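Dear colleague,

I am passing on the structure below, and after it you will find my notes on what turned up when I went through it. Please read them with the model open beside you.

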Amino acid sequence: MSVPSPSPSPSPSPSSSAASLSHSAVVGRLRSAGCVFAEDEADLLISTARTPGDLAAMVERRVAGLPLEHVLGWAEFCGLRLAVEPGVFVPRPRSEFLIRQAAALARPGAVVVDLCCGSGALGAALAAALGRAELHAVDVEPAAVRCARRNLASLGGRVHQGDLYEPLPEVLRGRVDVVIASPPYVPTASIGLLPPEARLHEPAVALDGGADGLGVARRVAAGAPRWLAPGGRLLIETGERQAALAAEAVAAAGLDARVAYCEDFDATAVIGTVPAAGRNVAR
Ligand SMILES: C[S@@+](CC[C@H](N)C(=O)[O-])C[C@H]1O[C@@H](n2cnc3c(N)ncnc32)[C@H](O)[C@@H]1O
């Protein structure tokens with residue numbers, strides 16, 4: 001399946017020649033497996049499959065419970081189509097809120113770091129929104145790094161493997177305009193409550209944020225001042241109930257912190273800003 005540099009998502013065409021299984025047969029199979037959006041999923045599977053055999057295999061993988069995006073090999077995020085490989089976190093629609101907030105605060109040409117980048121979807125979307133960006137992305141998981149490299153190559157983005165800021169080039173210290181991060185933020189005790197698609201098919205390192213879900217987010221906040229430029233911004237996606245504690249962590253790092261919430265996306269972002277010169281920011 002060839003998927004792509006991030007490109008605007010084309011509409012699916014259910015009339016693909018790959019369809020030897022009829023559309024209604026695919027819908028029926030998906031519906032009997034409990035897929036709520038069976039019609040839409042059938043359109044996407046039929047338009048993505050290259051051959052009838054491909055389609056049959058994809059339908060079976062979906063029926064077996066794989067996330068739709070892992071079956072398709074791509075996900076749509078902020079209007080872009082991005083490769084998503086098995087074992088890599090599927091970008092969630094709610095993260096579009098973080099990107100909208102970041103895009104409103106940054107300028108074209110900004111130096112952007114996408115920490116905990118997964119497929120690289122957030123960095124790709126922010127770079128696309130800005131038109132031009134110097135983009136660096138980091139993930140600890142080799143599969144995510146491979147996938148992000150596929151997605152960010154056409155944008156000139158560099159993808160580094162390692163723990164948070166550790167693999168970033170030293171030359172970025174004090175030069176980063178925007179750090180975005182959607183770290184794992186599910187409390188360990190709640191992992192078992194996630195839908196099976198996430199629990200069984202996304203790696204624990206992408207989901208498990210430790211006892212209160214903020215283990216990684218706190219380290220993202222603590223490390224930010226060393227990398228941010230004067231006036232630079234840190235945006236962390238978190239859960240609504242964790243927002244106050246996440247904002248405390250951002251403030252403890254010496255940044256001006258605020259919380260933004262969007263009901264439509266059911267999304268929460270904690271936004272930190274390097275204060276004007278003269279205030280004490282730990283570097
Ligand atoms: C919730 S997923 C988000 C992925 C991506 N930002 C998105 O929204 O689609 C969290 C990601 O953080 C990565 N991760 C977890 N701990 C990390 C660490 N210490 N350093 C770098 N990446 C980490 C995981 O491998 C996973 O890809």
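Two strands count as paired if DSSP finds at least two bridges between them. Please keep in mind that this is a predicted model.

With that cut-off, strand 2 (residues 74–77) and strand 3 form an antiparallel pair over 4 bridges, and in the hairpin that these two strands make, with 2 residues between the strands, Cys-78 takes a positive phi near 50°. Glu-76 has Arg-81 in strand 3 as its bridge partner. From strand 3 (residues 80–83), Leu-80 and Leu-82 point one way while Arg-81 and Ala-83 point the other way, and all are buried. Arg-81 also lies over the face of Trp-74, at 3.6 Å from the ring centre.

Elsewhere, the count comes to 1 aromatic pair. The ring centres of Tyr-165 and Trp-227 are 6.1 Å apart and the planes are at 10°, so this pair is stacked. Because Tyr-165 lies in the loop between strand 6 (158–161) and strand 7 (176–181) and Trp-227 in helix 10 (residues 215–227), the pair ties together parts that are 62 residues apart in sequence. Both Tyr-165 and Trp-227 are buried.

As for the ligand, 18 residues are around it, and of these Cys-116, Asp-139, Asp-163, Leu-164 and Ala-206 come nearest. A nitrogen atom of the ligand lies 2.7 Å from a side-chain N or O atom of Asp-163, while a backbone N or O atom of Cys-116 is 2.8 Å from a ligand nitrogen atom and one of Leu-164 is 3.0 Å from a ligand nitrogen atom. The protein covers 96% of the 600 Å² of accessible area that the ligand has on its own.

Technical notes. Residues numbered from 1 in each chain as written. Predicted model: local features only at pLDDT ≥ 70, side-chain atom pairs only at ≥ 80, totals over all residues. Heavy atoms only, no water. Phe/Tyr/Trp six-rings, centres within 6.5 Å; stacked < 30°, edge-to-face > 60°. Buried < 20%, exposed > 50% of the residue type's maximum accessible area, 1.4 Å probe, protein only. Lys NZ or Arg CZ within 6 Å of the ring centre and 35° of its normal. Near = heavy atom within 4 Å. Polar contact = N/O pair within 3.5 Å; in protein donor to acceptor, adjacent residues only side chain to side chain. Areas by Shrake-Rupley, 256 points an atom, 1.4 Å probe, with all protein chains shown as cover.
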